[in-house]
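Biologist: Hi! Could you walk me through a couple of helices in this one?

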Amino acid sequence: MNIEKIQLQRLKMPLKSSFETSFGTTVEKDFIIVRAFGDGKVGFGESVALSYPTYNEETTDTVWYMLQTYLIPALFLKPIETPDDLIGIYQPIKRNKMAKAALEGAIWDLYAKQKEVPLATALGGTKDEVEVGVSIGIEKDIPTLLKKVEGVIQQGYRKIKIKIKPGWDIEPIKAIRKEFGNDVPLMADANSAYSLNDAKTLIELDKYNLIMIEQPLAHDDIYDHSKLQPLLSTPICLDESIHSVEDARKAIELQGCKIINIKIGRVGGLSEAKRIHDLCESYRVPVWCGGMLESGVGRAHNIAIASLNNFTIPGDTSVSNRYWEHDIVVPEVKFSRPGYLSVPKQIGIGYEINESSVENYLLKEKEFQAACSKSFTTN
């Protein structure tokens, strides 16, 4: 691959409405767009880290620091043939998965464009469209929640995920089932808000025909989930606990989950996401693609990875206008039909960048030339 230059742009986009989870409330997204230049083409990636280390240890600040100090210099130290080579290059640099994924995503898009194929094709995708669901945050009261659920049902989303936490779990789910019946595809996402001491509450959720309970226990736990899963008829899905294909293997072999959520940023990029997908497929464990309030760039990457065969559960990649007044891609991400997104046939991610929107949201930018790269050590 010919990689001539990397550009970082830090943006801040306001959400149309606040989004609350068990670990906090988001009202705007502070994030980084990565551009990789080569052979007259530009590849785009996006950092999904939050402004505060509440989902994991990374933040937008740490991602910027890691990219400019370590990851971009390492990229220019030796030639690469494919984006998969970055796994080996970045192996000495521990964790910092979201920083790695942001740069790797831009390299994957550039690679696909240099090969003149869609990103989904470059990854081995097999689908023309992907099913998508929606994530609903913790609301101020149950009537507000029910109104939002009614709206997304009318829009045709194929799965509804609601955030839960102690004190906001049984009653909202019970209310949804009472109002809309058992046929609505519903799941609960705990974002690590419970412990084994809360097993009685989690067992009670079995009454409500949920697709899954996502990450009920600690963000770094696999073992206690293996104790909880036998107590439940509802499948446990692991999210925050899975950072690599080895984490996925251990969780599956310990029977700590029956489903895995693959988030590109959380696992370090598209190459590792594909490895986890392939492992889960070999174990017949279904996967789906989670969301991190991405702009259209990150959504495009999610669509591409979700085109792989074993993504059999609708993901969280909703349309652009659910969260943004104006996205930074054109066309904006829209349904091809209710509950489905088309997998782009154009080369790369299949979307163009709306430069005027980027300019409106831009906080700062910086460029790095391949010829100016300096070596560094990890000692």
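Modeller: Helices here are DSSP runs of H or I with at least four residues, strands are runs of E with at least two, and both are numbered from the N terminus. This is a predicted model, in which local features need pLDDT of at least 70, side-chain atom pairs count only at pLDDT 80 or more, and totals for chains, interfaces and linings use all residues. Residues are numbered from 1 along each chain as its sequence is written, and side-chain values use heavy atoms, without hydrogens or water.

Biologist: Great. What is the phi of Gln-255, after H9?

Modeller: Gln-255 follows H9 with a positive phi, near 60°.

Biologist: And which residues of H9 are buried?

Modeller: Val-245, Asp-247, Ala-248, Ala-251 and Ile-252, where buried is under 20% relative accessible area with a 1.4 Å probe, protein chains only.

Biologist: What do they pack against?

Modeller: Strand S9 (236-238), strand S10 (259-262) and H11, counting heavy atoms within 4.5 Å as contact.

Biologist: Switching to H3: how many of its residues are buried?

Modeller: H3 is mostly covered, with 17 of its 19 residues buried.

Biologist: How far does H3 reach?

Modeller: From first C-alpha to last, H3 reaches 26 Å, close to the 27 Å expected; the expected span is 1.5 Å times one less than the number of residues.

Biologist: And which residue just after H3 takes a positive phi?

Modeller: Glu-116, at about 60°.

Note on methods:
Buried < 20%, exposed > 50% of the residue type's maximum accessible area, 1.4 Å probe, protein only.
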